[in-house]
Amino acid sequence: MVLLELPSAGKLIDHLIANRITELNKDPYSTQSDRPFFMADTGPVLKLYNRWQRALPNIAPFYAVKCNSDARFLRFLADLGLGFDCASQTEIELVLSLGVDPSRIIFAHPCKSISAIRVAAARGISLTTFDNMDELDKMKAHAPNMHLLLRIYAQDDTAAAQLGNKFGAPLASAEPLLRRAKELGLCVRGVSFHVGSGARNPAAFTTAVHQARHVFDLATHLGLPPMDILDVGGGFQETNFEEMAGPLARAIDGAFPDSSAVRVIAEPGRYFARTLYTMACKVISRRRQLQPLLDESQPYPSLTPDMLYLNDGVYGSFMLALLENEVFVPDPVPMRGEENGSLEQRATGLHPYSIWGPTCDGIDCVAKEVVMEGEVKVGDWLVFREMGAYSVVSATQFNGFSNDYEVIYASDYLASVGGLGMTAAADAPGKVWKYLEWFLPGSIRGLWKLKA
């Protein structure tokens, strides 16, 4: 089912970020004023949900909690009806604490600890994955009633993060694994695979689906009960979603023509999480590259980009710069008052910078070179968009820097102004206008404002 969407709130997010910076500047020497923060907006997530429903209506998404475990975000996804892919005991406990029924959780880790297996079984989780003999023995000993999916090898060599080097049974191993499961009296309900996070090659999905069909047929040949679950894993991105979803859907229709006989699920992570967060980081230091002239005492600018040091880096929420060579390009936050010249003047024109994190490690480089439209100074703030995936969850406390981030939800602002059916304050009509104006084109906005 496709749900009603609100227009993009991008301008509203920028407005709220500027508001938060203004508040922090009231106490400019506090620790909090030097901390990065996130602005969260679930509006884009709803659009992505609708895209999923249009392109893959017969595939039930089980969100990969490891991508972003923000409890408020998880509750939003639960309200949309999503299931959850949990890979640890902690993730299972988190999702259950939100009131999610255990039937909506898959313990999607083929190599689990015994304690995690026992906790999952005790909490009512009924579905998990395996890809090796030892895992079958553990399941027999500690959770014999849990249903299993055989995870087979799949690989997109162009994916941002490849997983085939760690998980997935080779196709040749399927028969001995299924025979062993039958000997142990375990219930193998189907097949799972994961082509890699941030997949780019649709053929990887197509190949994996046909190999899964082979395993389904093999199970029938070996006398196991008919398989009825296909888990196509993750790898989905908002940037190429339809390009990947189309071939996947056609492959499933071809390999599993009787849709009533097989339940198909998936494990999207970054697809839903990436656009949730916008991050604001403060420039805490700057190093201008100056070189002395050979015959004069005055320096001249170097061709090497000046260096900006932020209050977060690759040991924080920019870990993907290391793990996936993610390219981060910021936007400056205009300082209020700067437009009318009331703030200090700064150089104009294009300025190249390298961007660094706050730690003492030389690999803590967020971006080797970005070009900003104008000079950036100490105390300025930069905005990084689409920071919801593998950011906060990957942050460490290396060098003593905190990984506890402030996350501000745009919907809280809407609630405070009485928007979207929530209790309104006495001056709500005027405040609601401040929200609605962000969604109108400039020309219409002027007419609307005059009328208001």
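How much space lies in the largest cavity? About 40 Å³ lies there, in a model that is predicted. A search of the whole structure finds one cavity of 30 Å³ or more. The largest pocket, by contrast, is an open feature with a volume of about 480 Å³, and Lys66 is among the residues nearest its centre.

**Largest cavity**
- The lining of the largest cavity consists of Ala108, His109, Pro110, Thr129, Arg151, Ser192, Phe193, His194 and Glu267.
- Sorted by class, this cavity lining comprises three nonpolar, four polar and two charged residues.

**Largest pocket**
- A total of 27 residues line the largest pocket, and those nearest its centre are Lys66, Leu163, His194, Ser197 and Tyr390.
- The pocket lining divides into eleven nonpolar, ten polar and six charged residues.
- His194 is named both in the lining of the largest cavity and among the residues nearest the centre of the largest pocket.

**Lys66**
- An unreviewed UniProt entry lists Lys66 under "modified residue: N6-(pyridoxal phosphate)lysine".
- Lys66 is placed in the loop that runs between β2 (59–64) and α3 (71–80).
- Because its relative accessibility is 38%, Lys66 counts as partly exposed, the class between under 20% and over 50%.
- Beyond its neighbours within four places in sequence, Lys66 has contacts with Asp85, Glu91, Tyr390 and Val393.
- One of these contacts, Tyr390, is also listed with Lys66 among the residues nearest the centre of the largest pocket.

**Helix α7**
- Helix α7 spans residues 174–184, and its buried residues are Ala174, Leu177, Leu178, Ala181 and Leu184.
- The elements covering the buried residues of α7 include the strands β5 (127–130), β6 (147–151) and β7 (187–192), together with the helices α6 (133–142) and α8 (202–221).
- After α7 comes Gly185, which has a positive phi, near 75°.

**Ser394**
- Ser394 is located in the loop between β17 (381–384) and β18 (406–409).
- With a relative accessibility of 18%, Ser394 counts as buried, since the class requires a value under 20%.
- Setting aside residues up to four places away in sequence, Ser394 touches Gly316 and Met319.

Definitions and conventions
Residues are numbered from 1 along each chain as its sequence is written. This is a predicted model: local features need pLDDT of at least 70, side-chain atom pairs count only at pLDDT 80 or more; totals for chains, interfaces and linings use all residues. Side-chain values use heavy atoms; hydrogens and water are left out. UniProt positions are given in the numbering used here, feature names are shortened, and annotations may be inferred rather than shown by experiment. Helices (H or I, at least four residues) and strands (E, at least two) are DSSP runs, numbered from the N terminus. Buried means under 20% relative accessible area, exposed over 50%, partly exposed in between (1.4 Å probe, protein chains only). Contact means heavy atoms within 4.5 Å. On a 1 Å grid over the protein atoms alone, a cavity is a set of points where a 1.4 Å probe fits but cannot get out, and a pocket is an open set with protein on both sides within 12 Å along at least five of seven lines; lining residues have an atom within 4 Å of a point. Grid points are joined across faces, edges and corners, and a volume is the space filled by probe spheres set on the points. Ala, Val, Leu, Ile, Met, Phe, Trp, Tyr, Cys and Pro count as nonpolar, Asp, Glu, Lys and Arg as charged, and the others, Gly among them, as polar.
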